[in-house]
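I opened the model today to take notes on its fold. Here is what I looked up, entry by entry.

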Amino acid sequence: MFKWLLSIFKTENQILSETDIMKKFLVVGLGNIGDKYENTRHNIGFKILDTLAQKESFVFEDAKLGAIATFKYKGRSILCLKPSTFMNLSGKAIRYWLDKEKIPLQNLLVITDDINLPFGTIRVKIKGSDGGHNGLKDTQNMLQTTKYNRFRFGVGADFGTGRQVDYVLGEWNEGESKALQERLEKSCDVIKSFVFGGVQNTMNQFNGS
């Protein structure tokens, strides 16, 4: 009887049914909501999670502070999140879902664009500065630490002085668009490696690839 009542309480309060917290993961793709941002460089986090959803056959649904979806991979339970708070308040959504689902900080992976890396370059890190990225800056402020896993996807820096905002909020050029699908599929492999193999193995296997 007690277990039945506990299962009802858990269903009402948590999305993931997994009881072992070390098997629960939060994967967050950063971006801005709205059609005008859909194919911009700044929305690569959303784009990667949308590709993962296609490959793993899950669907995002609107929820508090973002669109969420879940899937299982090799005994792990993963909550995917696309914050609806816009980039500058990304940390609010991340903090909320970490707390709600009782997911350990070391099981968080935040996916973001990075102008300091050439297009398509993958770099996973376990800590670091925000690098001037407003989404990471808010995440750092909300988590009160720089020690959280982030997956940086290179978008290059082909812009002139004072044109950074226009560049990251601009759409992919023709060459990038042709190469993007392979990079998106590789990015899905990064996420699954992080979930099952751990962050260090993922860094060793994918960084710079």
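Predicted model: local features only at pLDDT ≥ 70, side-chain atom pairs only at ≥ 80, totals over all residues.

**Entry 1**

I started at Phe86, which is partly exposed, with a relative accessible area of 37%.

Phe86 sits in the loop between E4 and H3. I checked its backbone and found a positive phi of about 70°, although Phe86 is not a glycine. I noted it since most residues other than glycine have a negative phi.

Gln144 also has a positive phi, about 60°, and is not a glycine. I placed Gln144 in the loop between helix H4 (134–143) and E7. Is Gln144 buried or exposed? It counts as exposed, at 67% relative accessibility.

**Entry 2: the sheet**

Next I traced the strands. I found an open sheet of seven strands in the order E2-E3-E4-E1-E5-E7-E6, with mixed pairing. Its edge strands are E2 (61–63) and E6 (122–125), and each pairs on one side only. Neighbouring strands are turned by 25° against each other on average, direction ignored.

I then looked at one pair in detail. Strand E5 (residues 108–114) runs parallel to strand E7 (residues 149–154), and six bridges join them. Which residue of E7 is the bridge partner of Leu109? I found Asn149 there.

**Entry 3: helices on the sheet**

I asked which strands helix H3 lies across. H3 (residues 90–101) lies across E1 (24–29), E2, E3 (66–73), E4 (76–83) and E5. H3 runs at about 155° to E4.

Helix H6 (residues 174–197) packs on the sheet as well. H6 touches E1, E3, E4, E5, E6 and E7. The direction of H6 makes about 170° with that of E7.

**Entry 4: H3 against H4**

The axes of H3 and H4 come within 7 Å and cross at roughly 45°. That angle makes H3 oblique to H4. The crossing is right-handed.

I listed the contact residues. H3 brings Ser90, Gly91, Lys92, Ile94, Arg95 and Leu98. H4 brings Gly135, Asp138, Thr139, Met142 and Leu143. By class, I have four nonpolar, four polar and three charged residues in this contact.

**Entry 5: H2 against H6**

Helix H2 (residues 44–56) and H6 have axes that come within 9 Å and cross at roughly 75°. H2 is therefore roughly perpendicular to H6.

From H2, I noted Ile44, Lys47, Ile48, Leu49, Thr51, Leu52, Lys55 and Glu56 in the contact. From H6, I noted Leu180, Gln181, Leu184, Ser187, Cys188, Ile191 and Lys192. By class, the contact has eight nonpolar, three polar and four charged residues.

**Entry 6: Gly170**

My last stop was Gly170, in the loop between helix H5 (164–168) and H6. Gly170 has a relative accessible area of 16%. It is buried, because that class means under 20%.

What does Gly170 touch, not counting residues up to four places away in sequence? I found Asn39, Thr40 and Arg41. I also checked His42: it is 128 residues from Gly170 along the chain, and their C-alpha atoms are separated by 8.0 Å.

Conventions
Residues numbered from 1 in each chain as written. Heavy atoms only, no water. Pairing = 2+ DSSP bridges. Helix = DSSP H or I, 4+ residues; strand = E, 2+ residues; numbered from the N terminus. Axes fitted to C-alpha atoms, helices over the stretch in contact; angles between N-to-C directions. Contact = heavy atoms within 4.5 Å. Buried < 20%, exposed > 50% of the residue type's maximum accessible area, 1.4 Å probe, protein only. Parallel < 35°, antiparallel > 145°, perpendicular 65-115°, else oblique. Left-handed = near helix turned anticlockwise from the far one by under 90°. Nonpolar A, V, L, I, M, F, W, Y, C, P; charged D, E, K, R; others polar.
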